[in-house]
Structure formats: structure tokens, C-alpha cells
Amino acid sequence: MSTGRFANSTDPRSGLEVVRDWNGVAQVVLRSPKGASARVSLHGGQVVSWRNDRGEDLLFTSSKAIFKPPNAMRGGIQMCFPQFGYSGTLERHGFARNRIWALDDEHPPINQNDSVSKVSVDLILKPSEDDLKCWPHCFEFRLRVSLSKDGDLSLVSRIRNVNGKPFSFSFAYHTYLSVSDISEVRIEGLETLDYLDNLSHKERFTEQGDAVTFESEVDRVYVSSPNVVAVLDHEKKHSFVIRKEGLPDFVVWNPWEKKSKTMVDFGDEEYKQMLCVDAAAVEREITLKPGEEWTGKLELSAVSSTNCSDHLDHPVSI
């Protein structure tokens, strides 16, 4: 797919379609043979939709989301780079999610077997002159978003230092999951772990429950976490299985009622239908020497809750 082909176009052989949103920004639609789909915007390299074969969107997007550059849309999966949260001097969650990316025609191969079992799109972000003024490091950020024939969504980020000196960054796939009722949802796989509580000045605590459940605002970084966790949603009768690689932390966030009312691009009651579980590198920054490249992977599956435990022991397959 050429970066010049920004008109609406469909290639039925590849399962890819390029459309424009109402701001004129290109989006790439990926479709699996069984009917699942994903939509990736060149604004931010953001996954703005991931639907199963019944057409249900598995990602949350606020009804009050503002779909207009330069700011990221509230929802989907955002690329937080080179900063997560307010941990540095840059804008919140870094600038990558607010920039216009390009289709990457010269992507180096990741896995030769990908083309057989997945439909994929490759994007690339390089720093602008303005970016270099606020963060003076040359990089190439390559992102591959793939949809498997069974509808699993995977993202592979590769960040290369093309600078003459080392640089460090934090990173997160800021992932808004759509849930039936936050009070009925639980996360398994984080029990007994240490976490940094952003509501208590990043004080360190140890998770005491046999699962993470929600009764109030939560904003935590679970450090040195396992590579697989599950989000169980009893009412929807499915679970999200989240696999990561190259990312040591999981960030768990729900703003709850009070904070929701302060957010202009978020409905007052929408906290009940969303949960952020982000594969991330937050506690310790990643440092790249000149010429080095880092890879961080995320895979999302929606499985029947009865089969959920079968998936927790499986390695990342992306």
C-alpha cells in the first residue's frame, strides 16, 4: 500500500481498506475472513475500533470524544511515547498520539508467517522539527497493527535510536476496554504484585486481593508484572486476555464518578462501561544507545469466559 493512495480504496485480497474520517485523516480498516475488524487512524497511530464477528466494538470510545487533531481521541488504543502521564517535561502521554503518522512502505519484516494468518498495516512516525525542539532525539517509531483470522488484535512497536547519543523514554499502549459494568469486572494475574498508586503520590503497595476489583477510582502501575492477564466480564460472558512482551508493567485506570465529571471529553456515567489496562514501561525508562532498537508487543483476545483459564499459560504469539 502506497503512502500516496489516500483516496478511499479497497483491496479484497489483503483485507485492507483505506478511508478518510470527517477531518480528512486517513484510516486503515483491517478485516478478518470471519468478520472481525479493526480501524487504525493515521492520527496518532491510534486503534480507534476493534470489532468481533458480531460487530460489537470491544474497545471503548467516549460519546463525548473530540475527533479533531491535534489531540488524541478519548478511547481506543493510544500510543504513549516518549512519555507516559506527567512523568517528564512533555505534554501528557507524550506527543506520538497527537501526530499524523505515515504508512510505512519500507517496513523490515517481523515474522515471515504473518502474511499467511494475519492482515496487517505498517505505520511510521519520525520527529518533526517542533518535536526535536521539545525532545531533541532522532528516532524512528514503526508500528504494525494486525488482525488474525480469529479476530485477535496485535500491535508491535519498534523504536530505533537514529541519534548520535543515547536517549530514554517511557511507553504505554493506552488501552480502553469496553465492559458491561465496572463494578462486576475483575482482573486476574496481578495478585500479590507490587503497584505504584498514582492516587497516593506513587507510594508502593502490594496487591492483597485474589483479583483486582473496582469500587472507586483506581490509577495504579503494577510493576514487574507477568506477560499475561485476563479481564473477566461476567455479564458479557467473555474475557479479555492481554499478552505483552518487552513491557514490564501494567497500568490499570478507571476515573470513577467524581473525576469523570471534570473531564470535558468523557461522559459523567461512562466510567461504568470502560477500563484501561495498559501494557507499559513506566517505572523504569527504556534507554537506547545509538543504532539500538526496542520492541514492545501487545496482543488482545476476547474469549469465552469458560475458556479463559486455558489462555493464561500461553506465550505471546506475535
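## Ground rules

Strands here are DSSP runs of E with at least two residues, while helices are runs of H or I with at least four residues, and both are numbered from the N terminus. By that definition, His-174 lies in strand 11, residues 167-178.

Keep in mind that this is a predicted model, where local features need pLDDT of at least 70 and side-chain atom pairs count only at pLDDT 80 or more, though totals for chains, interfaces and linings use all residues. Residues are numbered from 1 along each chain as its sequence is written, and side-chain values use heavy atoms, with hydrogens and water left out.

Let's start with the strands. Two strands count as paired if DSSP finds at least two bridges between them. Here, 8 strands build an open sheet, in the order 7-8-9-10-20-17-16-12, with antiparallel pairing. Its edges are strand 7 (102-103) and strand 12, each of which pairs on one side only.

Look at a few neighbours in that sheet. Strand 9 (residues 139-148) and strand 10 (residues 153-161) are antiparallel partners over 9 bridges, and Leu-143 sits opposite Ser-157 in strand 10. Strand 16 pairs with strand 12 (residues 185-188) over 4 bridges, again antiparallel, and there Ile-187 has Val-231 as its bridge partner.

## Zooming in on strand 16

How many residues of strand 16 (residues 228-233) are buried? It's 6 of 6, where buried means under 20% relative accessible area, exposed means over 50%, and partly exposed is in between (1.4 Å probe, protein chains only). In a regular strand, side chains alternate between the two faces of the sheet. In strand 16, Val-228, Ala-230 and Leu-232 are buried on one side, and Val-229, Val-231 and Asp-233 are buried on the other.

Strand 16 also pairs with strand 17 (residues 238-245), antiparallel over 6 bridges. Asp-233 stands opposite His-238 in strand 17. The hairpin of these two strands has 4 residues between the strands, and Lys-237 takes a positive phi near 60° there.

## The nonpolar core

A nonpolar core is a set of buried Ala, Val, Leu, Ile, Met, Phe, Trp, Tyr and Cys residues joined through side-chain atoms within 4.5 Å. The largest one has 76 residues, and the members touching the most others are Phe-141, Leu-153, Leu-155, Phe-169, Ile-187 and Leu-275. Strand 19 (residues 274-288) gives this core its largest share, 8 residues. Apart from this core lies another, of 9 residues, with Cys-80, Ala-172, Leu-196 and Val-251 among them.

So who does Ile-187 touch? Contact means heavy atoms within 4.5 Å. Leaving out residues up to four places away in sequence, the contacts of Ile-187 include Ala-211, Phe-214, Val-229, Val-252 and Leu-275.

His-174 is buried, because its relative accessible area is 4%. Not counting residues up to four places away in sequence, His-174 touches Gly-76, Ile-77, Gln-78, Cys-80, His-93, Trp-253, Cys-276 and Asp-278. His-93 belongs to the loop between strand 6 and strand 7. Its relative accessible area is 3%, so His-93 is buried, and its phi is positive, near 65°, in a residue other than glycine.

Pro-82 is also in the loop between strand 6 (77-80) and strand 7, and a cis peptide bond joins Phe-81 and Pro-82, with omega about 0°.

Is His-201 buried or exposed? At a relative accessible area of 80%, His-201 is exposed. His-201 is in the loop between strand 13 (194-197) and strand 14 (203-206), and has a positive phi near 55°.
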